[in-house]
Amino acid sequence: MSQQVSRGFFSWSTLPPSLQQQVKNAVVLFQESAAQGYVIAQFGLGSMYGNGHGVPKDGRLVVKWFGKAAAQGHAGA
């Protein structure tokens, strides 16, 4: 995941291991919630994959998760 977060002074490599683990845990929770149909988690995952926040940028997954959120009526998706 070291190439997935690059925010200047707050790059992945400068995050303490405890924060790196928290980000990994949050990604897992978003993925589990989104897979169960929670629209906010679906939109959140689309945003995460679009911006590379805690995950690699992946346009295919952006379309997948935003599409699922949009199908449930999420206006931002």
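Leaving aside neighbours within four places in sequence, Ala-77 is in contact (heavy atoms within 4.5 Å) with Phe-43, Phe-66, Ala-69 and Ala-70. The structure is a predicted model, in which local features need pLDDT of at least 70, side-chain atom pairs count only at pLDDT 80 or more, and totals for chains, interfaces and linings use all residues. Residues are numbered from 1 along each chain as its sequence is written, and side-chain values use heavy atoms, with hydrogens and water left out. The secondary structure of the protein chain comes to 3 helices and 0 strands, arranged as α-α-α from the N terminus on.

**Confidence and overall make-up**

- The protein chain has an average pLDDT of 86 (the predictor's confidence in each residue, from 0 to 100), and 84% of the residues score at least 70.
- Helices (H or I, at least four residues) and strands (E, at least two) are DSSP runs, numbered from the N terminus.
- Confidence is lowest in helix H1 (residues 17-35), with a mean of 92, and highest in helix H3 (residues 59-71), with 97.
- Of the 77 residues of the protein chain, 29% count as buried; buried means under 20% relative accessible area, exposed over 50%, and partly exposed in between (1.4 Å probe, protein chains only).
- Among contacts in the protein chain between residues at least 6 apart in sequence, 41% join residues at least 24 apart.

**Packing of H2 with H3**

- The axes of helix H2 (residues 39-51) and H3 come within 8 Å and cross at roughly 155°; axes are lines fitted to C-alpha atoms, for helices over the stretch in contact, and angles run from 0 to 180 degrees between N-to-C directions.
- H2 and H3 are therefore roughly antiparallel to each other; angles under 35 degrees count as roughly parallel, over 145 as roughly antiparallel, 65 to 115 as roughly perpendicular and the rest as oblique.
- H2 passes H3 in a left-handed crossing; a crossing is left-handed if the near helix is turned anticlockwise from the far one by less than a right angle, and right-handed if clockwise.
- On the H2 side, the residues that meet H3 are Val-39, Gln-42, Phe-43, Leu-45, Gly-46, Ser-47, Tyr-49 and Gly-50, and their partners in H3 are Leu-61, Val-62, Trp-65, Phe-66, Lys-68 and Ala-69.
- By class, this contact of H2 with H3 has 9 nonpolar, 4 polar and 1 charged residues; Ala, Val, Leu, Ile, Met, Phe, Trp, Tyr, Cys and Pro count as nonpolar, Asp, Glu, Lys and Arg as charged, and the others, Gly among them, as polar.

**Packing of H1 with H2**

- The axes of H1 and H2 come within 8 Å and cross at roughly 130°.
- That angle makes H1 oblique to H2.
- H1 passes H2 in a left-handed crossing.
- In H1, Val-27, Phe-30, Gln-31, Ser-33 and Ala-34 meet Ala-41, Gln-42, Gly-44, Leu-45, Met-48 and Tyr-49 in H2.
- The residues of the contact of H1 with H2 divide into 7 nonpolar, 4 polar and no charged.

**Phe-43 and Ala-77**

- Phe-43 is located in helix H2 and is partly exposed, with a relative accessible area of 23%.
- Not counting residues up to four places away in sequence, Phe-43 touches Phe-66, Ala-69, His-74, Gly-76 and Ala-77.
- Phe-43 and Ala-75 are 32 residues apart in sequence, with a C-alpha to C-alpha separation of 9.9 Å.
- Ala-77 lies in the segment after H3 and counts as partly exposed at 33% relative accessibility.
- The C-alpha atoms of Ala-77 and Gln-42 are 9.2 Å apart, and these residues are 35 residues apart along the chain.

- Ala-71 is placed in helix H3 and is exposed, with a relative accessible area of 69%.
- Ala-71 and Val-39 are 32 residues apart along the chain, and their C-alpha atoms are separated by 9.2 Å.
- Gln-72 lies in the segment after H3 and counts as partly exposed at 46% relative accessibility.
- Gln-72 touches Gly-37, Val-39 and Gln-42, not counting residues up to four places away in sequence.
- Between Gln-72 and Gly-37, which are 35 residues apart in sequence, the C-alpha to C-alpha distance is 9.0 Å.
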